[in-house]
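Morning, everyone. Please have a look at the model on the screen.

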Amino acid sequence: MQQQLYHYTDAKGLMGILSENDITLWATRYDCLNDPLEYIWAQEHIKPHIEILAHKEKKKYDPEMKMYPYIVSFCEKKDDLCMWRLYGDNGRGFILEFDIEGLQNFIDRDKFGILQKVKYANDDNINQMISQAIKEYNYVKGSDDIIDCYNACALVKKDDYEFEHEYRLLKSNYDCFEFNDSKEVYDGENYSDLLYRESSLGIIPYMEIKIPKEILKRIIIGYGHCQKSQNETISNLLHSRGYKDVKICTSKFKY
């Protein structure tokens, strides 16, 4: 069973994550991630199932209805060269190691989202993978409705990305949805909790996810640094921001 999850980031990301009061992670909206088909691909395949579910629940079905999942990505793989190159500033970044049990317990207690392993699919098994993702999502949430099905679509990706071995912390963001036959479906994003930042895509929305400090167990220094110097610097940074018992180590890779 997976005991730890890893989050690859650059130096700027690390500074933002290590807040004084808590760990601050950025949940990015689905359409601002690296996969242009993110969420949309699975959503298209699920429409027939949604129609059946809507009829069963005697609810109005809107084929154009959109959800707004926000995502924090974690990886099962520790110190992975490909992940360093893609998400760890080509070895000049850092990896944060989190205790998966502590993270899951916090999510369950505060009920603000869901942590689930991503399913990887192709055109031949997409429906099977979506069904599995929905089943696992419903089991955790204890519900089974249209919104749950849409949310679960954010937990299925093309198998081109299988090398990422991804877990996702998923938080939905919408004002409300009215399914009563006598009312129009209201489809809108809730902007009250959104923040904005620069990226290669321009200005993108994100949400802050704050988790307890004790869930962070280790920081791995990338192979592109002067590792001895960074070890001392990171140790001082953690101390100055009130982090205790966080181990520091260096990547197994060398330039």
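I will go through the aromatic rings, then the charges over rings.

First, the ground rules. This is a predicted model, so local features need pLDDT of at least 70, side-chain atom pairs count only at pLDDT 80 or more, and totals for chains, interfaces and linings use all residues. Residues are numbered from 1 along each chain as its sequence is written, and side-chain values use heavy atoms, with hydrogens and water left out.

How many aromatic pairs does the structure hold? There are 6. Rings of Phe, Tyr and Trp (its six-membered ring) pair if their centres lie within 6.5 Å; planes under 30 degrees apart are stacked, over 60 edge-to-face, the rest tilted.

Take tryptophan 26 and tyrosine 206. Their ring centres are 4.8 Å apart and their planes at 40°, so this pair is tilted. Tryptophan 26 is in strand β2 and tyrosine 206 in strand β10, so the pair ties together parts 180 residues apart in sequence. Strands here are DSSP runs (E, at least two residues), numbered from the N terminus.

Buried or partly exposed? Buried means under 20% relative accessible area, exposed over 50%, partly exposed in between (1.4 Å probe, protein chains only). Tyrosine 206 is buried at 8%. Tryptophan 26 is partly exposed at 34%.

Next, phenylalanine 74 and phenylalanine 98. This pair is edge-to-face, with 5.7 Å centre to centre and 85° between the planes. Phenylalanine 74 is buried at 3%. Phenylalanine 98 is buried at 0%.

Now the charges. The charged end of lysine 158 sits over the ring of tryptophan 41, 4.1 Å from its centre. That requires NZ of Lys or CZ of Arg within 6 Å of the ring centre and within 35 degrees of the ring normal.

Technical notes. Helices (H or I, at least four residues) and strands (E, at least two) are DSSP runs, numbered from the N terminus.
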